[in-house]
Amino acid sequence: MNRLPIAIALFSLLFVLGCEVESPVREDVPELITQVTLTFTPTDGEPLIVTATDPDGEGVQDVQVDGNISLETMKTYTLTLSLTNGLAQPSDPEYDVTEEVEEEAHEHFFYFSWTNGVFSDPAGDGNIDNRAGAVNYEDEDVNGLPLGLATVWTAGVPSSGEFRIVLKHQPDLKTATSESTIGETDVDITFPIKVE
Amino acid sequence: MIFRSTILLLAAVSSFFSHSSAQECNGTFKGRVLDDANQPMVGATITLSGAQRGTTTNASGDFHFDRLCKGVFRVKVQYLGYENLEFELTIDGTITKVLHLKEDVRQLQEVVVEDELQHTEHAHNLATLNAKQLAEAAGKSLGESLKEIPGVNSIQTGPGIFKPVIHGVHSQRVLILNHGIRQEGQQWGAEHAPEIDPFIASNVSVVKDAASIKYGTDAIGGVIIVNPAPLPESAGIGGSLNLIGQTNGRSGTFSGMLEGGIGNHDGWGWRAQGTAKRTGDFHAPSYSLTNTGIRELNFSASTGFHNERLGFEIFYSHFSSDLGILKGTSIGNQGDLEEAMERSVPLYTSSFSYDIGEPRQEVEHNLLKISGHIKTRRGELRLQYGFQNNQRREFDLRIGDLSNTPELNLRLNTQTIEAEWETVPSEKWTISTGATGMFQQNRKVDGTQRVPFIPDFNNISAGLFSVTKVYLRQWTIDIGARYDYRYYSVAGYDYKNSLFQSTLQFNNVSATAGATVNIRKSGTLNLNVSSAWRPPHVAELYSVGTHQSAAANEYGFLLNDSTNEVLDIDAVSFKTEQALKFVATYQHNWKDFTFEVTPYLNYIFNYIYLRPTGISQNVRGTYAYFRYTQTDALFLGADLSGVWRVNPFLKVTPKISLLRASDVRHDDYLVFIPSNRYELAIRYDRPTIAGLKNFFAESTAKYISRQNRAPRVVTVAEINDAIERGEDPFEEDDANFDFMEAPPGYFLWNVAVGMSLKGESTQYDFRLGSENLLNTSYREYTNRFRYYADDLGRNFIISVKCTF
């Protein structure tokens, strides 16, 4: 690399002086979801909050889940989901991705699955493997189809297992029977769950 | 060192020959060789028996003899399959002639390279698609048309995107010269096809040796030269119209060209040309390939002046295309990828439509070229300036109303300038020296609402070269050397969306040496060895994230292995890519059989490629990720072709391309290397039969074998299973891999018939053809859609060309 140092020095001088590229404008990144927050609000008592956080977005570090979903047996909870971009500032419009999903509810759908038995209602193990599986959706899109930002759950007998949430983007594909294999995945997160 | 010794060699050669320069012989004979359709003939042989001199026509059909002594010569022009043209010529001063060759209808003679032919103009391994072959491929993209040449292939992204591959290498390693200007688009992407309308070319040549010396860095695999027809030089208007319809994709292409002289001003000429193309969804034998339509609108205009001493030309072209990418390739994560690959029919498949939705690409390319040359007694000076503007927008399925916002939106402006001085110090040698410069700016267009996949950059490059050609008895020898310097200033955003900036510099030397020799009367041997290098592309250094249908994250060479922070180039062991390529071509002519064999070896040091590195998780799920890394790669192969003239009307043409490529450092294979392919064409030609002109019928059988030299397979299901077990499937073995087995070999049968009607001043050419006549379901290893869908089913093509 130092074969022609004089030429390089000359070129460098000429070019570095006049030809450095200006800093490009920073883009907002509204699609980037780095944090999924689950809020289980019981009919009485304090809400339980668990999060899954990706520290580096497009980078190589893995998602970290900050602990168990610990529910009380036979208690009923409303689960609300929130999607945020933790690499942005809370004041940035791109910080809250939940709104985007709400606005396009007719193209989005949350699927859930769990270890059989951790909930007494809904029964079964969810609708990821089979769309017909029961899930108590509390919201719907303009077509009257469920979305899943709000759902209701009743914990089962004491046990432990896994709880998985999949958000699919299904433009022109979302129907009452569309399976979780349809469309593009926006979220796919698994939490440990414990009922005591 | 190489540079210095080449200079010394040049000096030595020059002193050896300088004493022999002739004094009183200053006659010139030059001109152009054209066929019946007024198209230039490339590689026609012209001999002057009185002067013991010979040459071949270049890519625009031009030939040139300098320093001829006064006197009478016998001129002989030869081209395989055409009648010889012989006449006497008195040389006194400068003589310019346009020579027409007629197709040989009576008897097809062997072309014997005569004793008197001392040397040929080109010591290159050159293969050409002539006007006739291009006309027969009309309606196809440039990349697809080039597949007719043995040793040339393509990396395909579905039916619309063909990226040329020469001897197994592509993208940054293949240089495309459009009207003499280096094509500068976003070549780094495997799904970025060259932005060139094939109708602007009258012929396309492929130089298979790394003859980068004149054209700059990057020609590690070879050079594709897109040549326009020369501008008319006298009054009168002519032109042509092409109409092409295809059943697969229900496509229509319309292309027209008008050209003429300017009043009575001899030497002035102009041409205007345009192409419009519309294609809907293509179909595989058993289903529609939804969202694979293409819309293209291109036009160009040029004007110029030429006489014996000087010439100049202005050329402008505009290319724009909007093309869909198979909807079933839209992938969110590794689970989606598994689904997409396992489906027998791609997701989203629906009935035929001309609509183009996401994912799609919008590409525009503008080229302005100004060139001139002037001849003096001492030599010829050529100057050229080019301005290119490339815009690329890629749209994907996105959250919210972002589908209308491109996820990639880049503007690339490139200015190139070239000066070349060519002198002919004696009959025995020529020398050409030049300098090139390039200033390039890549900018993202704001508003993509994504971390940019590649950073903004300025690229300043400069080069100096010298090439000499020496004629020694039966030998023609080419020697050349070149020095290049490149400077990058880079500014972009990393994975955290925070700014980084850096500057980089590269410089290196390329050299080439070639020799052509006639062996007895009927053989020609051409040997070439060259060393070429290329500076890395910014995309190879700084890419971050995923892009269209890749379903994997890609990280540049300068990103830290574990944190992805951007590193300084001195902190990593980066070395520029350098190739050493040997190519030999042997051609032998028998009475009714001609064959050509081109074995080659290309050893690429520090070969940059994407290597699977690990599994990463984000809230969308898991991804395999790839990092740009370096190895040493070996490409070993041979191209074979022949022509057997069974009788005056029947011709059998076999073509074979063989290639094996390996990753030498890891003792492994590389992915997406074209497999061996075999082709046999039988063609029946009758120039006049029952009142018809130029009747032909052709049958072409192609067999593309399975790629058995492919890396191991790690299926998406295996990766997903490993993740579920909490393992990294690449932890222990990070050898190259592919998601799927190479598809089986396949056989295709194409047929075509055609004829012409000739009026007084117009000619109509009709052609009817079918591709994949048997409607075979197959998948091509080098098509990136092979994971998701079958390749194209049966296609009928009808084309009419009117020349006036």
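This is a predicted model: local features need pLDDT of at least 70, side-chain atom pairs count only at pLDDT 80 or more; totals for chains, interfaces and linings use all residues.
1. Residues are numbered from 1 along each chain as its sequence is written, chains are lettered from A in the order in which they are written, and side-chain values use heavy atoms, leaving out hydrogens and water.

2. Let's start where the chains meet. On chain A, 52 residues are in contact with 66 residues of chain B; contact means heavy atoms within 4.5 Å. The buried area is about 5100 Å², with carbon and sulfur atoms giving 55% of that. Buried area is the accessible area (1.4 Å probe) that two parts lose on being put together, summed over both.

3. Look next for the charged pair. There is 1 salt bridge between chain A and chain B, formed by Lys444(B) and Glu27(A), whose closest N and O atoms are 2.7 Å apart. The term asks for a side-chain nitrogen of Lys or Arg within 4 Å of a carboxyl oxygen of Asp or Glu.

4. Because 17 of its 19 residues are buried, S26(B) is largely enclosed by the rest of the structure. Buried means under 20% relative accessible area (1.4 Å probe, protein chains only).

5. S26(B) has partners to trace, where pairing requires that DSSP finds at least two bridges between two strands. With strand S25 (residues 456-472) of chain B, S26(B) pairs in the antiparallel sense over 17 bridges, and Asn459(B) stands opposite Tyr488(B). The hairpin of S25(B) and S26(B) has 2 residues between the strands, and Arg473(B) in the turn has a positive phi of about 45°.

6. S26(B) also runs antiparallel to strand S27 (residues 499-519) of chain B, joined by 19 bridges. Gly480(B) has Thr512(B) as its bridge partner there.

7. Finally, find His537(B), in the loop between strand S28 (523-534) and helix H5 (538-542) of chain B. His537(B) counts as buried because its relative accessibility is 8%. Leaving aside neighbours within four places in sequence, His537(B) is in contact with Gln172(B), Trp188(B), Phe457(B) and Tyr488(B).

Notes:
Buried means under 20% relative accessible area, exposed over 50%, partly exposed in between (1.4 Å probe, protein chains only). Helices (H or I, at least four residues) and strands (E, at least two) are DSSP runs, numbered from the N terminus.
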